[in-house]
Amino acid sequence: MEKFSIEGPSKIRGEIKISGSKNSSLPILAATLLFNKPVIIKNLPKVKDINTMISLLRSLGSKVILSKDRRIAKIYNKKKIKTFASYSLVKTMRGSILVLGPLVAKYFQSKISLPGGCLIGARPINYHLDALKKLGMDYILKDGYILAKSKGKLKGATIKFPKISVGATENSIIAACLAKGITILKNCAVEPEIKDLTNFLNLGGANITWKGRTCKIVGVTTLNKTEYSVMSDRIEAGTFCVAATITGGNLDVLNFDAKIINTELNLLKKFGAKIKIYKKKLSIKGPKNIKSVTNIKTGEYPGVATDMQSQLMVLMCKANGKSYITENIFENRFMHVAELRRLGAKIIIKKNKAFVEGNTKFIGAELMSSDLRASVSLVLAAMVSKGKSIIHRIYHLDRGYENIENKLKKIGVRIKRLNYE
Ligand code: UD1
């Protein structure tokens, strides 16, 4: 196990290159199970969740050849594939459920472990199962597993999701590509990662079109040899933009299309950041005094990303007034609050709202990571704390942030990865 030691306060300066999107790579890698021909996926981020998905594909029988730098995967599927995803693989990453749709669509069966809840909420998969059932999948739940099968090809259907879900939208789109006939999905999530998945599948010969939150998929019989480069990670980019804003820093964010975090950038402007947008780059300058933005609500895209909630809360702690943030996506996504309090934050939680007292003077402390995004908010807070902070359980960060300590070091943060003696 490893930990971070961060010596604050920091002022960041320089440039940062954004890695490929984790949340885009996961469904795209799962969707490669639909292909008979080789598929090449480029710009994969070097993070643990991608290793887990690749291990899962290999355990199913896909042949995955990684380039030396692990950013490019060449994937071939054998004629016969195993359709069993074990608990040991699924428990480490809920995104593993994304192999259910393609396995049933292509191989007509799957046995996959039920993902458990996690710290940020119960995270059920009922919308995934209901939608796939409407496409013709039968299933039972037994001994912690989903035993699913279909009588031959899935059949196109019209499905309206009762609530917007990123994962259920992705699983259903992937499955519907090889279904007989037309599928209409209504009330879909429209996160940029879902559009990236659509672009990949269409390049491979799928027939997917969008109108607002409605997605139309005309089933095809087979998908072709394809080469695709995954989009850049908008949450990584947004996190570094908060880092620049909170430290009064000056940062160029490279390899990134700023349009996809328009909502969050507009918020950062209200906090006082000055932002310039170029073709594949943005420049951000943090203010001397952070203004308070009194009321922020997370929501489905194009709303404020829930994956940016904890980072924005750190900014609210440092702003010059009181404010509050409402978490509308996950029921228990305030685990970072107790840790931020250890640094001196004054935050009160009432149901899904966190009321934040501004003007906090953070003082370094020992902190515990609890999930991916909560952990990165601790890194941000430690960067603007006086003195040394130690952050434990950083394996949560390694799931989704590529080489974060080296990227931060390069822009002026005094951060070290340490082993426990
Ligand atoms: C994805 C992202 C995650 C992000 C989240 C919301 C990946 C790998 N993860 O997670 O980083 O925070 O979108 O933007 O892309 N729900 C149900 N039943 C279901 C499915 C979802 O009740 O079958 C609920 C969830 O508990 C949650 C809400 O719907 O309260 C939204 O979840 P969803 O959009 O599905 O999130 P994920 O796809 O799990």
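Tutor: We begin with residue classes: Ala, Val, Leu, Ile, Met, Phe, Trp, Tyr, Cys and Pro count as nonpolar, Asp, Glu, Lys and Arg as charged, and the others, Gly among them, as polar. The model under discussion is a predicted one.

Student: How many charged residues does the lining of the largest cavity have?

Tutor: The largest cavity, with a volume of about 50 Å³, is lined by Thr 239, Phe 240, Val 376, Val 379, Leu 380, Met 383, Tyr 401, Ile 404 and Leu 408. Sorted by class, eight of the lining residues are nonpolar and one is polar, and the number of charged residues is none.

Student: Which helix gives the largest share of that lining of the largest cavity?

Tutor: Two or more residues come from each of helix H8 (234-246), helix H12 (372-383) and helix H14 (404-410). The largest share amounts to four residues, and the helix that supplies them is H12.

Student: Which elements give two or more residues to the lining of the second largest cavity?

Tutor: The second largest cavity holds about 30 Å³ of space. Its lining consists of Thr 306, Gln 309, Ser 310, Arg 333, His 336, Asp 371, Arg 373 and Ala 374. By class, the lining of this second largest cavity has one nonpolar, four polar and three charged residues. The elements that give two or more residues to it are helix H10 (309-318) and H12.

Student: Turning to the ligand, which residue has a backbone N or O atom 2.6 Å from an oxygen atom of the ligand?

Tutor: The side chain of Ser 165 places an N or O atom 2.7 Å from a ligand oxygen. For Gly 167, a backbone N or O atom lies 2.8 Å from an oxygen of the ligand. The backbone atom at 2.6 Å belongs to Ile 329.

Student: What percentage of the area that the ligand exposes when taken alone does the protein bury?

Tutor: Taken alone, the ligand exposes 750 Å². Of that area, the protein buries 86%.

Student: Between which domains does the ligand lie?

Tutor: The shell around the ligand divides into seven nonpolar, six polar and four charged residues. H5 gives the most to this shell, with three residues. Because both domains give residues to the shell, the ligand lies between domain 1 (2-18 + 232-419) and domain 2 (22-229).

Note on methods. Residues are numbered from 1 along each chain as its sequence is written. This is a predicted model: local features need pLDDT of at least 70, side-chain atom pairs count only at pLDDT 80 or more; totals for chains, interfaces and linings use all residues. Side-chain values use heavy atoms; hydrogens and water are left out. A polar contact is a pair of N or O atoms within 3.5 Å; within protein, one must be able to donate a hydrogen and the other to accept it, and residues adjacent in sequence count only if both atoms are side-chain atoms. Accessible areas come from the Shrake-Rupley method with a 1.4 Å probe; for residues, only the protein chains shown count as cover. Domain bounds come from an automatic or database domain assignment. On a 1 Å grid over the protein atoms alone, a cavity is a set of points where a 1.4 Å probe fits but cannot get out, and a pocket is an open set with protein on both sides within 12 Å along at least five of seven lines; lining residues have an atom within 4 Å of a point. Grid points are joined across faces, edges and corners, and a volume is the space filled by probe spheres set on the points.
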